[in-house]
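Here is a short report for a first look at this structure.

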Amino acid sequence: MAQPLARDVAEEIAKLHGVCIRPVALRRLDMTTGKSEVVDVPCGSPLESKCHPCAKRNRQLRMAQCREGWHLDEEPIITPDEATDGQRRLVEFRADMQAKRDAEEKAGGDTSDLDAVLTGLDIEINEAGMRGYVLGRTGSKRVRSTKRRQDAPDLPKRKMASTTLGRTFEAADGRTYRPSLFVTLTLPSYGKVMNGAPVDPDTYDYVRAARDALHFSKLVDRFVQNLRRVAGYDVQYFATVEPQKRLAPHLHMAVRGTLPRAEMKQIAAATYHQVWWPQADEARFEGDRLPIWNDGYVDPDTGEVLPTWDEALDQLGDEPMHVIRFGDQVDVKGVLAGSPDADQCIRYLSKYLTKSLGENLDGQAQRDHAARFMDALRYEPCSPTCPNWLRYGVQPKIAKPGMVPGCCRSKAHKPEHLGYAGRRVLVSRKWSNKTLAEHKQDRRTWVLEALGQADEPTDPHRYVWQPVRPGDPDVSPIGVRLLRSIAERQRWRAHLRRLEELSATPQAA
Ligand SMILES: [Zn+2]
Ligand SMILES: [Zn+2]
């Protein structure tokens, strides 16, 4: 009985101190000293955290990133440094571990240990000064038939200038103004809503709402493409995806540079995305009558082999399965560099970053609304590999035994994501000169400088990370580990405070 209580208390204190409450224990072998010890690394990857304190800390970093890029007056330099030998070795090691992990998964084994190692390696790789993730984008693109190419919308097109900076304006007093935009884009109406719940749930278009949420990120991509085409320069943006009260995702976007408001609205109205997938309106198999695995999925009654994903794509008709567009509500606001307005927008942009999309349901009506939305999402295919395709008589891409429609485990179907499984923060490549990991490094450097300690670059050869076996005697109970992190955080804070006091008092000598 004492154990869980102690854990709860430690967790509460950890939250107060901003310490990670879901640390991952990893064994770290120090190649210089030969010492092997178990250390805690913060949860998740450097770009996505799983606990509240980490999410809060990342929100601060995001705000710094947003501020730094919005009104750049010099072109960002983005030629990456050449990878050093050590960095290359780290990446190769990570690739090996990834292969091991994938083999383990294929064999149906437990991958949690190896996942933990990969997390550790990602941190290591980022600290070694490499940008982004090693894996990058995975998967190959299918070549679309020209018939199903996305049509170019009817929009003005300016000649492309190779700059990411917006134009400036010279005022009569000689001052230079650097205006930019803050844009809010919303999905269309699915039925009248009051206090975050439909007035008439029976006519509310849940299927459309579900499909729009699932494909929202594609629509945002299209919007950016169109925006750049119309603006005639390499427009940069920092955007966040947030839930509306009616539980639909919407987008706030800081845009570097400015365009006429009417043009922005025109772009939003002309932007759409077509989903070229098989139909998912009529269920062919449901209840107990589900396709059976026989070296591929077959009809349970006739034994006929269901079309594979690629076959189904080849048989598509002329109509897309879904077309997604923005709604009429487009909000465009002009913002000047360095104004209180700009600061307010940045706070607004990052306001909900620590909350999940499906959090904070308000009252019974909204909870019922969320439940109905989840129902609609349950059988909606979220991706080509979704088991739900079996319901509509198509074998999912990469079909394997044990797939059951309605039981997809991907993020999109979960109540905390509400159909939107993409990233919550979307930052264009040339926003600031830095990645989030580099902003993090900035803060670390600042603290170390304040403490009067030089920030030595991590020698990438120095540590080797290994998973911690269950029951490893070197891993203390979680409560103890949290208290240890809290104590460490307090030591740093106290040290910083002393330094601040020292610099505040007038020099005696
Ligand atoms: Zn954490
Ligand atoms: Zn799915």
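## Helix α9

Helix α9 has 16 residues, which should span 22 Å at 1.5 Å a residue. Its end C-alpha atoms are 23 Å apart, which agrees. The expected span is 1.5 Å times one less than the number of residues in the helix. Helices (H or I, at least four residues) and strands (E, at least two) are DSSP runs, numbered from the N terminus.

Seven names make up the buried list of α9: Q366, H369, A370, F373, M374, A376 and L377. Seen down the helix axis, these buried residues fall within an arc of 160°, so they line one face of α9. The arc is that of the directions from the helix axis to the C-beta atoms. Buried means under 20% relative accessible area, exposed over 50%, and partly exposed in between (1.4 Å probe, protein chains only). The cover over the buried residues of α9 includes β7 (197-198) and α5.

## How the model is read

This is a predicted model: local features need pLDDT of at least 70, side-chain atom pairs count only at pLDDT 80 or more, and totals for chains, interfaces and linings use all residues. Residues are numbered from 1 along each chain as its sequence is written, chains are lettered from A and ligands numbered from 1 in the order in which they are written, and side-chain values use heavy atoms, with hydrogens and water left out.

## The whole chain

The protein chain has 11 helices and 16 strands. Of its 509 residues, 44% are buried. Contact means heavy atoms within 4.5 Å. Take the contacts between residues at least 6 apart in sequence: 76% of them join residues at least 24 apart.

H369 lies in helix α9. H369 counts as buried, at 1% relative accessibility. Its C-alpha atom is 7.6 Å from that of P201, 168 residues away along the chain. Beyond its neighbours within four places in sequence, H369 is in contact with G196, A197, P198, Y204, Y206, R246 and L247.

H369 also lines the largest cavity, together with Y190, Y204, A209, A213, R246, L247, A248, P249 and F373. The elements that give two or more residues to this lining are α5 (206-231) and α9 (363-378). About 50 Å³ of space lies in the largest cavity, and the structure holds one cavity of 30 Å³ or more. The lining divides into eight nonpolar residues, one polar and one charged. Here Ala, Val, Leu, Ile, Met, Phe, Trp, Tyr, Cys and Pro count as nonpolar, Asp, Glu, Lys and Arg as charged, and the others, Gly among them, as polar.

A cavity is a set of points, on a 1 Å grid over the protein atoms alone, where a 1.4 Å probe fits but cannot get out; lining residues have an atom within 4 Å of a point. Grid points are joined across faces, edges and corners, and a volume is the space filled by probe spheres set on the points.

## Two leucines with positive phi

Most residues other than glycine have a negative phi. L247 has a positive phi of about 75°. L247 sits in the loop between β8 (237-243) and β9 (249-255), and is buried at a relative accessible area of 5%.

L418 has a positive phi near 50°. Its place is the loop between α9 and β15 (425-427). L418 counts as buried, at 3% relative accessibility.

## Helix α8

In α8 (residues 340-349), A342, C345, I346 and L349 are buried. They cover an arc of only 100° around the axis, which puts them on the same side of α8. These buried residues pack against α2 (52-70), β5 (179-185), β8, β9 and β14 (330-336).

Definitions and conventions. 1 Å grid on protein atoms, 1.4 Å probe; cavity = no way out; pocket = protein on both sides within 12 Å on 5 of 7 lines; lining within 4 Å.
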